[in-house]
Amino acid sequence: MITLLYFARLREALGTGREQLALPDGVTTLAALRAHLARRGDAWAKEMAEGRNLRAAVNQVVVAADAPVADGDEVAFFPPVTGG
Amino acid sequence: MSVRVQQQDFDISAEIAAMRRGNPKIGAIASFVGVVRDVNDGDSVATMTLEHYPGMTEKSISDIMGQARGRWEVLDALVIHRVGTLKPTDQIVLVIVASAHRGDAFAACEFIMDYLKTRAPFWKKEITPQGGRWVDARASDDKAAERWKT
């Protein structure tokens with residue numbers, strides 16, 4: 001299982017901030033995980049689409065799309081940050 | 001070096017006094033306070049809510065302070081960032097950097113703030129007369145952070 005977290009605008013659009021997911025076979029990278037989530041359709045298809053400007057972190061470190069994702073990871077998706 | 005993410009307000013003079021106490025090597029202290037404005041992108045802002053990523057937010061700010069320490073002579077540093085609901089005139093963020101000389105203190109303080117704005121996971125949602133809206137990231141903030149790469 002992995003823990004998925006969604007923040008800010010994305011959390012509202014998806015209607016959830018946290019879920020547990022059993023990593024499907026063949027999903028080993030962040031990009032593959034994002035594509036898998038987009039296949040849920042509706043808001044997921046829209047928000048996780050490749051053209052959307054999303055950032056992601058694996059185990060609380062910002063990573064690129066080709067970063068590996070493995071069982072036990074905490075994976076977060078979020079819009080560009082706006083603090084300060 | 002410390003990082004605090006909290007709902008409650010902060011007192012800059014108390015924080016500076018605490019940093020100076022018992023450290024005679026400090027010759028310069030630079031600080032920055034960010035404040036909630038009443039207008040953003042042409043609309044009046046009634047309140048704003050700040051969301052963060054508990055754990056990662058603190059870690060990313062600590063990492064930014066570590067980078068500052070690697071580039072300048074930093075004797076001590078503090079970042080306090082508020083979360084939750086804030087209103088115009090409220091303080092939102094505090095950066096304090098102590099150094100032996102002003103050049104290092106000024107530069108490190110500005111660097112920490114520029115990197116915090118573009119890397120630390122916080123998100124602002126403004127409540128305006130038209131309703132709630134998530135604030136968009138600004139290209140000017142990316143540009144400000146970019147200049148430290150040279």
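How many salt bridges does the structure hold over all chains? The structure holds 14 of them over all chains, a salt bridge being a side-chain nitrogen of Lys or Arg within 4 Å of a carboxyl oxygen of Asp or Glu. Please keep in mind that this is a predicted model, in which local features need pLDDT of at least 70 and side-chain atom pairs count only at pLDDT 80 or more, while totals for chains, interfaces and linings use all residues. Residues are numbered from 1 along each chain as its sequence is written, chains are lettered from A and ligands numbered from 1 in the order in which they are written, and side-chain values use heavy atoms, with hydrogens and water left out.

**Figure 1. Chain B as a whole.** Chain B has four helices and 10 strands; helices are DSSP runs of H or I with at least four residues, strands are runs of E with at least two, and both are numbered from the N terminus. Starting at the N terminus, the order of elements is β-α-β-β-β-β-α-β-β-β-α-β-β-α. The radius of gyration of chain B is 16 Å, close to the 15 Å that the globule rule gives for 150 residues, so chain B is as compact as a globular protein of that length. Here the radius is taken over C-alpha atoms, and the rule is 2.2 Å times the number of residues to the power 0.38. Along the principal axes, the C-alpha atoms fill a box of roughly 50 × 35 × 30 Å. Of the 150 residues, 48% count as buried, where buried means under 20% relative accessible area, exposed over 50%, and partly exposed in between (1.4 Å probe, protein chains only). The accessible surface of chain B is about 7,500 Å², and 50% of that belongs to carbon and sulfur atoms; such areas come from the Shrake-Rupley method with a 1.4 Å probe, and for residues only the protein chains shown count as cover. Among contacts (heavy atoms within 4.5 Å) in chain B between residues at least 6 apart in sequence, 77% join residues at least 24 apart.

**Figure 2. B:K124, a buried lysine without a salt bridge.** Find B:K124 in strand β9 (residues 122-128) of chain B. What is the nearest side chain of opposite charge to B:K124? That is B:E126, 7.0 Å away; for charges, Lys and Arg count as positive and Asp and Glu as negative, while His and the chain ends are not counted. The B:K124 side chain does reach the backbone oxygen of A:G84, at 2.8 Å. Not counting residues up to four places away in sequence, B:K124 touches residues of chain A, including A:T82 and A:G83, and residues of chain B, among them B:M48, B:I92, B:R133 and B:W134.

**Figure 3. The surroundings of B:N40.** B:N40 sits in strand β3 (residues 39-40) of chain B and is buried, with a relative accessible area of 7%. Its side chain makes a polar contact with that of B:R37 at 3.1 Å. A polar contact is a pair of N or O atoms within 3.5 Å; within protein, one must be able to donate a hydrogen and the other to accept it, and residues adjacent in sequence count only if both atoms are side-chain atoms. Leaving aside neighbours within four places in sequence, B:N40 is in contact with B:V45, B:E126, B:R133, B:V135 and B:R138.

**Figure 4. The salt bridge between B:D9 and B:R82.** These side chains meet at 3.4 Å, N to O. The pair links distant parts of the chain, 73 residues apart: B:D9 is in the loop between β1 (2-6) and α1 (12-20), and B:R82 is in strand β6 (residues 76-82). Is B:R82 buried or exposed? B:R82 is buried, at 9% relative accessible area, whereas B:D9 is partly exposed at 44%.

Figure 5. B:K87 and B:D90 meet at 3.1 Å, N to O. Of this pair, B:K87 is partly exposed at 46%, and B:D90 is buried at 15%. B:K149 pairs with B:E146, their closest N and O atoms being 3.5 Å apart. B:K149 is exposed, with 53% relative accessibility, and B:E146 is partly exposed, with 44%. Elsewhere, salt bridges with shared partners join B:D43, B:E126 and B:R133 into one network.

**Figure 6. B:R147, in the segment after α4 (139-146) of chain B.** B:R147 is partly exposed, with a relative accessible area of 41%. The side chain of B:R147 reaches the backbone oxygen of B:A144 at 2.9 Å. Not counting residues up to four places away in sequence, B:R147 touches B:E110 and B:D114.
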